[in-house]
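I am keeping these entries as a record of what I looked up, item by item. The spaces inside the fold come before the single residues.

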Amino acid sequence: MPLIPAAISKFLKQHSGPLTADLVLEPGNFGLGKVPKRLMPAGTTTSICGFCATGCQLKLHLDDEGRAINLSPQAGYPVNLGMACPKGWQALDPLDSEERAKVPLLRDAETGKMVPVGWEEALDAFVTRFKKIGEEHGRESVAFLSTGQIPFEEMAFLGCLFKFGMGFLHCDANTRQCMATAVTAYKQSFGFDAPPYSYADFEESDVIVLVGSNLCIAHPILWQRVMRNKRNPQIIVIDPRATETAQAATRHVKLKPKGDLPLLYALTHCILRDGRTDAESIARTEGLEEFLEFIGDYSPESMCERTGMSVEEIESLARTVSEPGKRVSWWWTMGVNQSYEGVRAAQAMINLALITGNIGKPGTGANSITGQCNAMGSRLFSNTTSLVGGHDFAYPEHREKVAAGLEIPLENIPSETSLAYDQIIAAAEEGKIKGLWIIATNPFHSWIDSGRLEALREKLDFLVVQDMYHTTESAQAADLVLPAAGWGEKDGCFINSERRIGTLKKVRPSPGIALSDFRIFRLIANAWGCGDLFAKWTDPEAAFRILRDLTKGRPCDITGLEGYEMIDRLGGVQWPFPETAGDGATTARERRLFEDGIYYTPSGKAKILFSPPAEMPESADKDYPFTLLTGRGTSSQWHTQSRTAKSDILRKLYPQEIYVEVNPADAARLGVKEHDPVTIRSRRGELVASVYIAPTVSAGQVFLPMHYPEVNRLTHPSFDPHSRQPNYKACAVVLEKVRRN
């Protein structure tokens, strides 16, 4: 029999070799089914995924030494119900990267190069240089920018250390980039930052309205929850672009960029005009009379131009979202939040839920979906612009309560509020802030109009970056890099979008002499000379109990939680969970807020808030004729890709080079074909991207995925006046074909 040619044999099954051996599966025990022999676990534990705020629980497969060697989604967990997205499946990959920060790095003053040093020298540089700046320029001269990615115990330690121990004032978290709008909207309308829903509402709605929310790729597991809905729901996507979610929905409302607020007001006009309202729910609100007078100016006829929709389309949508007896839920993400008027757009949805009675009941609500895995934890515990534990720096009784709970001097707690993220950047540009500490975030890539940060670097006397990787854009600019443990290398808690607290576990050692952020903060506290203030913060669970007790009497009260074991046993716990909640699993599984119609305002009533829509800060014109939209690229990409780019598998699931989606008519007019390079220029910067011809974007609009470092060189530095959240979603650009030599 003739030998099989080599060109053919490579396509046939091999009966030996390392890959073939992996095809032989054996019982994995622990309810895992069968696994390759090399991945046979000796035990398992659980942990909440460290990417998005869906809060999926993963089952981590452990070897004899308790080290995670594999993972699978946890069946039965009330969030993901045994599912995971690509990022969750590959969550262990980023821990093994060669780009991990393993030792502290200090920039040599003579050569300008980063030099490895020990922790003692790194801490001495940190303390000496920040103290010197503070002594020369005051307590407002040093700031930190933090994250929504670390456990809330670490967030709280950082915020309390910085303000109460080190004595500085200004700090913010990168939740300002994704959730500040929702926070502000809820606080103003409900009296507290309180997303009212449970994920079960996706399965209980008759009408699901997704505004600026591309669930299919941004929150894939939540889209699967929508698909589990047995009520044959209408799924309405309001978005300028025909996103993956819009294509899968029952109805795509293709409105003009930033036409969301005019549309929501026009819908409200129709509903109030026709009396399609809920009198009982309206009786539990304030501000309706003023709102009725205001909304009279927002008829469908007057909003056609601003929305790009016809009168008939607006009227039809208004009837759909107010049909008596139907459960209607409103959901939004970054398409609303990252806007120059996102707070009012969010509150317009809150108003619609209130006037139609679609709140506090199954399948209803005005519901923000959070971005970062622990952004909700940051909102309650980071001690940045809000006082730790859901309190307010402005109230003396709140400061007294926190001082007593933390056993620190009352005079250590400032009454002034911190500058917001954009204001910290501006103060640094003006030379008022001389020292900056960046923790687990990458603003040199992610901040709006990011080219400004290169110039900002020259204004700073000392820049410290504390991160898993020494290769991020921010770490590359640092004077000192502190190597931090990542997800999977430390313990703590996250809080997800539906207010569910879940635990994460240490299942890997951190590389080199990298330490958890919690341990780094302990070292800094001792080196600074304020370690005694945090003597009881011995480990994350000890910190959890301190923080738990601080929440007593607040809307986010979790005093009923004994500790991590109880959280795991109950399948995660949604706040509030006060001491009176009991210990039953049914109490903890799925709960929504405002079922009693009582809100957190002084009157107990929700506030109807509104203001006229503003003009776009930068509209397309003859010089910059396209409107640039930005957003999520694929479900395998995450933010600045500092982690997803470290996974060989995830990198294969998305384009490595930046691309721009262009409408076919615009491509023809520009004379460009698929994959042709084009220059995209705004008034702030430019980039070159490969053309992807896509009818999913309208003529006159283009789309760039946010994950590539070049994108934020173009975006416009405008901000919501209420939340200070950046407007990433719409600015003016021009496209030009790159001429090949």
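**Entry 1: an enclosed space**

I began with the second largest cavity, which holds about 90 Å³ of space. The model is a predicted one, where local features need pLDDT of at least 70 and side-chain atom pairs count only at pLDDT 80 or more, while totals for chains, interfaces and linings use all residues. Residues are numbered from 1 along each chain as its sequence is written, and side-chain values use heavy atoms, with hydrogens and water left out.

A cavity here is a set of points, on a 1 Å grid over the protein atoms alone, where a 1.4 Å probe fits but cannot get out; a pocket is an open set with protein on both sides within 12 Å along at least five of seven lines, and lining residues have an atom within 4 Å of a point. Grid points are joined across faces, edges and corners, and a volume is the space filled by probe spheres set on the points.

Of the 13 residues lining the second largest cavity, I noted that Cys49, Cys52, Cys56, Cys85 and Ile221 are the closest to its centre. H3 and H9 each supply at least two residues of that lining, helices being DSSP runs of H or I with at least four residues and strands runs of E with at least two, numbered from the N terminus. By class, the lining has nine nonpolar, three polar and one charged residues, where Ala, Val, Leu, Ile, Met, Phe, Trp, Tyr, Cys and Pro count as nonpolar, Asp, Glu, Lys and Arg as charged, and the others, Gly among them, as polar. Over the whole structure, the search finds four cavities of 30 Å³ or more.

Cys49 is in no disulfide, and its nearest cysteine sulfur, that of Cys85, is 6.3 Å away. Cys160 is likewise in no disulfide, with the sulfur of Cys171 as the nearest one, at 9.9 Å. Cys49 counts as buried because its relative accessibility is 8%, and Cys160 does so at 0%; buried means under 20% relative accessible area, exposed over 50%, and partly exposed in between, with a 1.4 Å probe and protein chains only.

I then turned to the largest pocket, whose volume is about 920 Å³. Its lining comprises 39 residues, and Val183, Lys187, Thr385, Ser386 and Asp392 are the closest to its centre. Strand E9 (170–173), helix H6 (180–190) and helix H18 (375–381) are the elements that give two or more residues to this lining, and H6 gives the most, with four. By class I recorded twelve nonpolar, 18 polar and nine charged residues in the lining of the largest pocket.

The second largest pocket holds about 300 Å³ and is lined by 17 residues, with Lys256, Pro257, Lys258, Arg306 and Met616 nearest its centre. Its lining has six nonpolar, five polar and six charged residues.

**Entry 2: backbone geometry**

Lys258 came up again in the backbone check, as its phi is near 60 degrees, a positive value in a residue other than glycine. Lys258 sits in the loop between strand E12 (251–253) and helix H11 (260–274), and its relative accessible area of 10% is why it is buried.

Leu81 also has a positive phi, near 50 degrees, and belongs to the loop between strand E5 (68–73) and helix H3 (86–89). With a relative accessible area of 25%, Leu81 is partly exposed.

Where is the loop that holds Pro576? It runs between strand E21 (573–574) and helix H27 (585–589), and the peptide bond from Trp575 to Pro576 is cis, with omega near 0 degrees.

**Entry 3: two buried side chains**

Val226 lies in helix H9 (residues 220–227) and counts as buried at 2% relative accessibility. Leaving aside neighbours within four places in sequence, I find Val226 in contact with Phe202, Ile208, Leu215 and Ile235, contact meaning heavy atoms within 4.5 Å.

Thr630, in strand E23 (residues 626–631), counts as buried because its relative accessibility is 9%. A polar atom of the Thr630 side chain lies 3.0 Å from the backbone oxygen of Tyr728. Not counting residues up to four places away in sequence, Thr630 touches Phe703, Leu704, Val711, Thr715, Tyr728 and Lys729.

Definitions and conventions
A polar contact is a pair of N or O atoms within 3.5 Å; within protein, one must be able to donate a hydrogen and the other to accept it, and residues adjacent in sequence count only if both atoms are side-chain atoms. A disulfide is a pair of cysteine sulfur atoms within 2.5 Å.
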